[in-house]
Amino acid sequence: MVAGIINNSKPKMGTISETVQRARDAFNRGVTRPVEWRRQQLENLLRLYKENRQGMIEVLRQDLRRSKMEAALLEVDFLINDLINTLHNLDKWIKPEKPSKGLVNILDEVVIYNDPYGVTLVIGAWNYPLQLLLLPMSGAIAAGNAVIVKPSEMAPACAKFIAEMLPKYLDNDAILVVEGGPEETTELLKQKFDYIFYTGSTSVGKIIYEAATKNLTPVTLELGGKSPVYIDNSADVEVTTKRVLWGKFINVGQTCIAPDYILCTKEVQDKFVQMAKKVLKEWYGEDPQKSPDLSRIINGRHFSRLQTLVDASKDKVAIGGSYDPKDKFIEPTILANVTPSDKIMADEIFGPILPIVPVANAYEAIQFINEREKPLVLYVFAKEMDVVNSLIENTSSGGMCINETVMHLAVETLPFGGVGSSGIGAYHGKASFDTFTHKKSCLIKNFSSIGEKLASGRYPPYSDAKLSYILTLMKPMNLPSMKYLPHLIAFALGAGVTYGITAWQKMASEDL
């Protein structure tokens, strides 16, 4: 496909191995490397988003009964804004970097080139079936890679939209879609890729990682886990309650960074529950099932899993607890006085159930968090910065968000990713470009006689004098900081001017 031309015919796809080879042939021909090609593909993708904005909202409604507000805010316009930022910065990002150099290389050029990896695989997730596939895909394109995307079969309307629309707007040889389920994913993982980007569960992430190691393929794994919320006694209870509930109940809890459970004192727990009753009634009315603003559980299997968790926690239900299997509806539910051994605390909930585990203080909360796998995000609500800093310094998580939930995701200058069992690698903004970019280091020397003379000490026959000379050249140059240089210059100028005026006045007085 010629850059800038829209091909309205869906290409005929062969086997998965043929599809991968097709992408590799395009990359090997150099199709994806020119910045003009990258920019044209990204502009075409932006046009896809804008021209099909309503269609994207509709397929999200079909798969998840996602409200227009959440569809626009969390997926469609999120993608648009990220792409606008990428296009604005693309020329700057692709430029080679020129790091500092030591005395031994003072006459040389030291460069870091931003190289594409090659053929990349992006495997999306069902909970945000557009954003979690197309955002990393755009990063791979920006970095100059060929891309094969695999949408989640669990969100069939979104998968169909992607399979039909991408070939109409993007290069059919270098950007390809593979549809299907576990069988197709398994076959894809048998192929050789240069980079794999996966979003989903930790259990499947381990399978992806194992498959990648066979070819030493680098990966980004965006996983999940039980992301805790610590609410300190100093927090504003009303604001905290609204922000925690919003982060928990968007997409009915089917969000990898949704608050999974709360840690707080029993006093804060009681205040939170009372405020939550008021807030949830204001948001979703007397009968939440009739609210147009609550999504639905993705399928029957996940519904049954969540129903089992609710049934096992009947004695802990403080708010909610009802469900409807026919509608795949589970009411926003808050559990109080939960213990670490309760079933709800065993695995990531990934649904509209929010347990509260009472703790005595921040120190006990830190212990509780550190005894478990590292979470994707840690939320802290407190006015006391000593409390905030204590959790920042004494815990490990993919990221942190203070006095807010989820919104750190929208800060394009913050890399988003996990650590340990919550993931490997990061993306968003420039981090997406960097994720799909190999930093190729390069030393460039010339044939000048001066440079050769300086370097000749390395040649045999060796001697102690030559060794001493070479070691001196190779020592790091720890130059003084330039931080105070402007102040020093200003001081010197001031002193010079003062001296000049004084000298002039003295000369003038002598003439008199």
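Predicted model: local features only at pLDDT ≥ 70, side-chain atom pairs only at ≥ 80, totals over all residues.
Student: Why are helix 2 and helix 6 called oblique to each other?

Tutor: The axes of helix 2 (residues 35-51) and helix 6 (residues 156-169) cross at roughly 130° and come within 9 Å. Angles over 145 degrees count as roughly antiparallel and those from 65 to 115 as roughly perpendicular, and helix 2 and helix 6 are therefore oblique. The crossing in which helix 2 passes helix 6 is right-handed.

Student: Which residues make the contact between helix 2 and helix 6?

Tutor: With contact taken as heavy atoms within 4.5 Å, helix 2 contributes Gln41, Asn44, Leu45, Arg47, Leu48 and Glu51, which meet Phe161, Met165, Leu166 and Tyr169 of helix 6. By class, the residues of this contact comprise 6 nonpolar, 2 polar and 2 charged.

Student: How do you know that strand 14 and strand 15 pair?

Tutor: Pairing requires at least two bridges between the strands, and strand 14 (residues 377-381) and strand 15 (residues 399-402) have 4 bridges, in the parallel sense. Within this pair, Tyr379 has Cys401 of strand 15 as its bridge partner. From strand 14 the chain crosses through helix 13 (residues 385-394) to strand 15, in a β-α-β crossover that is right-handed.

Student: What makes the phi of Val252 worth a remark?

Tutor: Most residues other than glycine have a negative phi. Val252 is not a glycine, and yet its phi is positive, at about 40°. The loop that holds Val252 runs between helix 9 (237-249) and strand 8 (261-264).

Student: How do you know which form the peptide bond from Pro460 to Pro461 takes, cis or trans?

Tutor: Its omega is near 0°, and the bond from Pro460 to Pro461 is cis. Most peptide bonds, by contrast, are trans. Pro461 itself lies in a loop, the one between helix 15 (449-455) and helix 16 (464-474).

Key:
Residues numbered from 1 in each chain as written. Heavy atoms only, no water. Axes fitted to C-alpha atoms, helices over the stretch in contact; angles between N-to-C directions. Helix = DSSP H or I, 4+ residues; strand = E, 2+ residues; numbered from the N terminus. Parallel < 35°, antiparallel > 145°, perpendicular 65-115°, else oblique. Left-handed = near helix turned anticlockwise from the far one by under 90°. Nonpolar A, V, L, I, M, F, W, Y, C, P; charged D, E, K, R; others polar. Right-handed = clockwise from strand over helix to strand, strands pointing away.
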